[in-house]
Amino acid sequence: MANFAAPSCAMLLLNTYALLLLVGLAICYLLPSALRTYLMRKYTALVDVKHVGTPRQDGKKLPGTAVVCGGSIAGLYAARICSDHFERVVIIEPEPSTFSKDSRAQPNDVLRDVDVGDERKYKTVRHTRTRVMQYTAGHAYQVLSLLFFRKLFSRFDTRAKQWGMHIAAADTNMRVAGVAIRPSYEDYYGSFPETLVASRRTLEPFIRSLVAEASPSIEFVAGTVSDFTLDYGGAVRSVRVRLNAGGTQDIDCALVADCTGVAQVGLKLLPRSIIRFPKNLREDYNPDVYATALEFPLTPAVKERIRALPIDDGAGRPYDTERTRWFITHMPDPAVGVRVMSMSYGTGDSLLVICGAWGLHPLPVNLPMLVDFTRGIVGTELPEWYFKVLEVLKDVETDGVASEFRCTSCSCIHYERASAILPRNFVALGDASMRVNPRFGEGVTKSAVGAITLDATLRSLPPSNASFGPRFFSSLHARTGSIWLSSKTADYARETTVPVEGETRDVGRFMRWYRTRLVRAAAKNPAVASALWHIGQFLAPAPLVFSPSILLAVLRNTLCSSG
Ligand SMILES: Cc1cc2nc3c(=O)[nH]c(=O)nc-3n(C[C@H](O)[C@H](O)[C@H](O)COP(=O)(O)OP(=O)(O)OC[C@H]3O[C@@H](n4cnc5c(N)ncnc54)[C@H](O)[C@@H]3O)c2cc1C
C-alpha cells in the first residue's frame with residue numbers, strides 16, 4: 001500500500017509543480033502582452049487604423065445624413081470616414097475657394113510683398129484660406145498620418161510623389177535639449193517607419209482631390225453653421241446653415257461632426273439648447289508663441305553643394321538627408337531656452353526652415369535674421385554643418401519666401417466630462433476639440449486620431465445609441481489627453497505663458513521635472529530615446545514613460561548623475 005501511495009504522491013506533487021509552472025509562464029507571457037494590447041488599444045489609434053477604409057461589417061450603410069461642419073483637414077477626414085458608414089454625407093464650409101477646381105489642384109504659388117518696416121521686408125505666399133491662418137506654415141506629420149492615408153486612399157504614395165511630396169524615413173534628426181531622440185534603424189531591419197513630407201498648402205488640396213475621387217457623392221454646402229436644433233431625446237435633429245448665397249437652410253442629420261477648427265462652433269451652439277450645459281468645459285491659455293517659415297527654392301548647383309556637406313546624426317554617424325528629407329530639428333527644454341528650429345526639404349525642390357519661440361519676436365524672415373536667430377540658441381550647440389548650409393543658401397536668398405504666425409490661444413474642450421448631457425450624435429475632432437502649441441506639429445495627426453476614433457465608434461455602435469457620443473469622447477480623450485497635458489505643462493515653464501484661468505504656472509512641475517530626467521536618460525539609454533520617439537510618432541501609448549523599465553532607467557540615470 002505504502003509502495004503504491006509513494007509514487008502517486010510524488011506524481012501529484014510533480015503535476016502540481018508543472019501546473020504552477022505553466023500558469024506562471026502563462027501569466028509572465030500573457031499578462032504583459034495583454035497589458036500591451038490594452039494600452040495600445042486605449043491610448044493609441046494604431047489598432048483601429050487597420051479597419052479604416054474597409055466596408056461596414058454588415059455591408060449596409062447607416063440611414064440618414066452625416067453633417068460635417070468645416071471642410072478643412074479634420075472635416076475632410078471625417079467626411080471620407082462617414083462616406084463608408086452613411087447613406088449621405090454633407091460638408092458645410094464658408095470659404096468658397098475650397099469648392100473650386102483649383103482647391104483640388106497642386107498649388108500655384110503667387111507671391112506678394114510684405115513690408116513691416118525695419119529689416120522686415122519679404123515676399124510671402126498669397127492664399128485665400130482666411131480662416132486658417134497657418135495655411136502657409138511649414139507642417140510636419142507623424143508616422144500614424146501616413147498609415148491613415150494609406151488605408152484611406154488607394155495608391156497614396158505614388159500619387160503623393162506625383163504632387164512633389166516625399167515619403168521619407170520618419171527621422172527628423174531631432175535633438176531635444178541637445179539629446180538625439182530616435183529609435184535605432186537596426187530595430188526595424190532596414191524598413192524604418194515612414195512619414196509624409198509636404199507643405200500644408202500642398203497636403204490640403206491633395207487630400208481634397210483624393211476625398212472627391214474616393215467619395216464623389218459627398219455634397220458641399222457653401223455657408224456657415226449657425227445653429228443646431230435638438231429633438232426631444234436630446235440628439236441633434238438638424239443643422240442650420242447661413243448660406244453664402246443668402247438665406248438659411250436646415251439639414252436633417254443622423255450625425256453631426258464639429259470640424260470647425262478654432263471657431264469651435266459646437267461649444268458655442270450647444271449651450272443655446274442645453275440649459276444645464278457646464279460652463280467650464282473649455283480650458284484655454286495663452287502660450288504667446290511666434291513662428292516663421294522660410295522657404296528657399298534650390299537650384300541644382302545649390303543642392304549639390306548642400307549634399308556634399310558632412311551632415312551627421314549628432315552621434316558621429318552620417319545622416320542621410322535624401323532618405324529622411326530632413327536636416328535637423330532642435331527643441332529646447334523650455335525651462336532653459338525659447339528658440340525652436342527645424343530644417344528640412346520642402347515640397348518639390350526647396351529647403352524649409354521653421355523657427356518658433358515663446359514670447360520672442362520678430363522671428364527671422366530672411367537669411368541674415370535666421371543666422372542670428374540660430375546663433376542665439378542656448379543650452380546646446382548646433383552643428384557647424386548647419387551654418388554651412390545657411391552659407392550655401394546665400395546663393396538663393398533673394399528667392400526666399402517667408403510667412404509669419406502667432407499663436408495666442410491653446411484650448412481643450414473636455415467634452416468627455418459632459419457626455420451625460422451631450423447630444424448622443426455629436427462629435428468634435430481636430431482643433432474643434434483641442435488646439436495645442438504647434439511646436440511638435442501634432443495637429444494634423446491629432447485630426448487623424450479623431451477620424452480613426454470616429455470610424456471605430458461607428459463600427460461598434462450607431463449614433464442612434466445613447467452610448468455613441470460618450471464612447472467617442474472618452475476614447476478620444478484617452479488617445480489625445482496626454483498631448484494636451486504635456487504641451488500645456490511644457491508651456492508653463494515660460495514666464496511669458498498666461499495660464500488657464502484659476503491655474504498658476506506651477507501646475508505640471510512634476511511633469512516638467514520628469515520630462516527633463518527622461519530626456520537626460522535618453523542620452524544614455526537607447527530604449528528611453530526609442531520610447532520617446534514612438535510616443536511622438538503616435539505609435540506607442542503615452543503611459544509607456546511610466547513603465548517599470550523606463551522608470552528604472554530614469555532613476556538609475558538620476559542617481560548616477562547626482563552621485
Ligand atoms: C503656426 C502653426 C504651425 C502648425 N504646424 C503644424 C505642423 O507642423 N503639423 C501639424 O500637424 N499641425 C500643425 N499645426 C496645426 C494644424 O494646422 C491644425 O491642427 C489643423 O489645421 C487643424 O485642422 P482642422 O480641420 O481641425 O481646423 P482648421 O484647419 O482650422 O479648419 C477649420 C475649418 O472650419 C471652417 N469653419 C469655421 N467656422 C465655421 C462655421 N461656423 N461653419 C462651417 N465651417 C466653419 C473654416 O473655414 C475652416 O475651413 C500648426 C498650426 C499653426 C498655427
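Begin by selecting the ligand together with Val444, where a backbone N or O atom of Val444 lies 2.7 Å from an oxygen atom of the ligand; bear in mind throughout that this is a predicted model. The protein covers 95% of the 1,000 Å² of accessible area that the ligand has on its own.

Now widen the selection to the shell around the ligand, which holds 34 residues, with Ser72, Glu93, Ala140, Arg200 and Val444 coming nearest. Sorted by class, this shell has 15 nonpolar, eleven polar and eight charged residues. To see which elements contribute, colour helix H2 (73–83), strand E2 (86–93), strand E9 (219–230) and helix H11 (443–460), each of which supplies at least two residues of the shell.

Next, turn to the charged pairs. Side chains of opposite charge can pair when their charged atoms come close. With a cut-off of 4 Å between a side-chain nitrogen of Lys or Arg and a carboxyl oxygen of Asp or Glu, the count for this model comes to 34 salt bridges.

Select Asp250 and Arg240, whose side chains meet in a salt bridge with an N to O distance of 2.8 Å. This pair links distant parts of the chain, as Asp250 is in strand E11 (residues 248–252) and Arg240 is in strand E10 (residues 236–243), ten residues apart. Asp250 counts as partly exposed at 40% relative accessibility, and Arg240 is likewise partly exposed, with a relative accessible area of 33%.

Move on to Lys488 and Glu503, which form a salt bridge whose closest N and O atoms are 3.0 Å apart. Here too the pair links distant parts of the chain, with Lys488 in helix H12 (residues 468–491) and Glu503 in the loop between H12 and helix H13 (509–524), 15 residues apart. Are these two side chains' residues buried or partly exposed? Lys488 is buried, with a relative accessible area of 3%, whereas Glu503 is partly exposed, at 25%.

Then pick Arg509 and Asp506, where the side chains meet in a salt bridge at 3.5 Å, N to O. Arg509 is exposed, with a relative accessible area of 55%, and Asp506 is partly exposed, with 46%.

The cysteines make the next stop. A search of the whole structure finds zero disulfides. Select Cys69, which is in no disulfide, and draw a distance to the nearest cysteine sulfur, that of Cys259, which is 7.4 Å away; Cys69 counts as buried, at 0% relative accessibility.

Go now to Thr124 in strand E4 (residues 121–125), whose side chain reaches the backbone oxygen of Ala402 at 2.5 Å. Thr124 counts as buried, at 5% relative accessibility.

The last stops concern the backbone. Most residues other than glycine have a negative phi, and most peptide bonds are trans. Select His361 and Pro362, between which the peptide bond is cis, with omega near 0°; Pro362 lies in the loop between strand E17 (350–358) and helix H9 (367–375). Asn173 has a positive phi of about 50° although it is not a glycine, and its place is in the loop between strand E5 (166–169) and strand E6 (174–176), where Asn173 is buried, with a relative accessible area of 0%. Finish with Ala177, another residue that is not a glycine and yet has a positive phi of about 50°; Ala177 is found in the loop between E6 and strand E7 (179–180) and counts as partly exposed, at 35% relative accessibility.

Conventions
Residues are numbered from 1 along each chain as its sequence is written. This is a predicted model: local features need pLDDT of at least 70, side-chain atom pairs count only at pLDDT 80 or more; totals for chains, interfaces and linings use all residues. Side-chain values use heavy atoms; hydrogens and water are left out. Helices (H or I, at least four residues) and strands (E, at least two) are DSSP runs, numbered from the N terminus. Buried means under 20% relative accessible area, exposed over 50%, partly exposed in between (1.4 Å probe, protein chains only). A disulfide is a pair of cysteine sulfur atoms within 2.5 Å. A residue is near a molecule or strand if one of its heavy atoms lies within 4 Å of it. A polar contact is a pair of N or O atoms within 3.5 Å; within protein, one must be able to donate a hydrogen and the other to accept it, and residues adjacent in sequence count only if both atoms are side-chain atoms. Accessible areas come from the Shrake-Rupley method with a 1.4 Å probe; for residues, only the protein chains shown count as cover. Ala, Val, Leu, Ile, Met, Phe, Trp, Tyr, Cys and Pro count as nonpolar, Asp, Glu, Lys and Arg as charged, and the others, Gly among them, as polar.
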